[in-house]
Amino acid sequence: MPKGEGKVVAQNKKAYHDYFIEETYEAGIVLQGTEIKSIRAGKVNLKDSYARIHNGEISLIGVHISPYEQGNRYNHDPERERKLLLHKREILKLFGDTREAGYSLIPLKLYLKNGFCKVLLGLAKGKKNYDKRESLKQKEAKREIERAFRDRQKM
């Protein structure tokens, strides 16, 4: 299965609005206890989350995975740091890329692939306000063209 495909549990749609996505990487995620059950139930929020490289490891910070309702004492802290699993050469490449000014690691989507939970990380560069306005104009123009084409097909 190609990278980024599987049953999508959560998406960070705001990331495409706020950042230019240069490259994407698929990473595994280390989970505790009942976290996978909450993920399968779709109780995940990727908003305002990011990844950070520290001591040769990548951590996912700010992802909210709600506690599992039937988990009682085995539940987890909803916003704890979670370790990501990548190859060493990928981590070193990302470390070099994020040292450049303006680049950061943003989780784009969380999905289930072959029974495992995966995170699609994007190497992102922040957009300025005028860039955001320009992409909104392009999106609106594309929508207008599609609408006109659809109306013409109906006739």
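I began by recalling that a helix here is a DSSP run of H or I with at least four residues, and with that in hand I found Asp18 in helix α1, which covers residues 13–18. I kept in mind throughout that the model is a predicted one.

I then looked up the surroundings of Asp18, whose side chain makes a polar contact of 3.5 Å with the side chain of Lys132. Leaving aside neighbours within four places in sequence, I noted that Asp18 is in contact with Gly126, Lys127 and Lys132.

Next I turned to strand β8, residues 103–113, and asked how many of its 11 residues are buried. I found that 10 of them are, so the strand is mostly covered, buried meaning under 20% relative accessible area.

I followed the partners of β8 in turn. Strand β1, residues 7–11, runs antiparallel to β8 and is joined to it by four bridges, with Ala10 standing opposite Leu110. Strand β9, residues 116–126, is also antiparallel to β8, and 10 bridges join the two; there I saw Ile106 opposite Gly122.

My last entries concern backbone angles, and I reminded myself that most residues other than glycine have a negative phi. In the hairpin of β8 and β9, where two residues lie between the strands, Asn114 takes a positive phi near 55°. Asp48, in the loop between β3 and β4, has a positive phi near 60°, and Asn55, in the loop between β4 and β5, has one of about 55°.

Are Asp48 and Asn55 buried or exposed? Asp48 counts as exposed because its relative accessibility is 66%, and Asn55 is exposed with a relative accessible area of 69%.

Conventions: Residues are numbered from 1 along each chain as its sequence is written. This is a predicted model: local features need pLDDT of at least 70, side-chain atom pairs count only at pLDDT 80 or more; totals for chains, interfaces and linings use all residues. Side-chain values use heavy atoms; hydrogens and water are left out. Buried means under 20% relative accessible area, exposed over 50%, partly exposed in between (1.4 Å probe, protein chains only). Two strands pair if DSSP finds at least two bridges between them. A polar contact is a pair of N or O atoms within 3.5 Å; within protein, one must be able to donate a hydrogen and the other to accept it, and residues adjacent in sequence count only if both atoms are side-chain atoms. Contact means heavy atoms within 4.5 Å.
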